Amino acid sequence: MPSRHVDPLTVEVVELIGTVVARYHEEYEQAAASHQLTGAQARVLNLLSLEPMPMRHIAQKLKCEPSNITGIVDRLESRGLVERRPDPADRRVKLAAPTEEGLQTADRLRASLDFAREPLAGLSTAERAVLRDLLKRMLG
């Protein structure tokens, strides 16, 4: 099977995306650590601050095993940041929900994520909209 030629522009774009993703993850981990959270705990807390949800939904959204989510929620619960409560729509289902302290922590965490906003601040509103639209198209 002949090797397909990949144009240099595509190679450069892929490398730049990889660099942005690596920087995002590294700085997200640092921001989480400054709140005594792991990156995974911060992601779960951030997701729950938008809306309470069952463990399996958290696992689907974060694309990981439900058993991992249970452990993360247990640790967040022991710190008083998350609580389990019955789903009003189905009492058999337990929702993970942020406590008041959890919501405040999620807000502080979001406020400390400057690294994600800083490079975007150099782009105009129109440029950010184009970037958003291109990223959405790439993701389908």
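**Labels and their criteria**

Mentor: By the rule for salt bridges, the count comes to 8. A salt bridge requires a side-chain nitrogen of Lys or Arg within 4 Å of a carboxyl oxygen of Asp or Glu. This is a predicted model, in which local features need pLDDT of at least 70 and side-chain atom pairs count only at pLDDT 80 or more, while totals for chains, interfaces and linings use all residues. Residues are numbered from 1 along each chain as its sequence is written, and side-chain values use heavy atoms, with hydrogens and water left out.

Trainee: What makes E27 and R23 a salt bridge?

Mentor: Their side chains meet at 3.1 Å, N to O, and the limit is 4 Å. Both residues lie in helix α1, 4 residues apart, about one turn of the helix. Helices are DSSP runs of H or I with at least four residues, and strands are runs of E with at least two, numbered from the N terminus.

Trainee: How do you know that R43 and E29 meet in a salt bridge?

Mentor: The N to O distance is 3.9 Å, against the limit of 4 Å. R43 lies in helix α2 and E29 in helix α1, so the pair ties together parts that are 14 residues apart in sequence.

Trainee: Why is L9 called exposed?

Mentor: Exposed means over 50% relative accessible area, buried under 20%, and partly exposed in between (1.4 Å probe, protein chains only). L9, found in helix α1, has 56% relative accessibility and therefore counts as exposed.

Trainee: Which label does P86 receive, and why?

Mentor: P86 lies in strand β1. At 29% relative accessibility, P86 counts as partly exposed. Leaving aside its neighbours within four places in sequence, P86 is in contact (heavy atoms within 4.5 Å) with R91, V93 and K94.

Trainee: Why are β1 and β2 said to pair?

Mentor: Pairing requires that DSSP find at least two bridges between the strands. Here 6 bridges join β1 (residues 82–87) to β2 (residues 90–98), and the strands run antiparallel. The two form a hairpin with 2 residues between them, and E83 stands opposite A97 in β2.

Trainee: What makes the buried residues of α3 line one face of the helix?

Mentor: In α3 (residues 55–62), M55, I58 and A59 are buried. Seen down the axis of α3, these buried residues fall within an arc of 100°, so they line one face. The arc is that of the directions from the helix axis to the C-beta atoms. The buried residues pack against α2, α4, β1 and β2.
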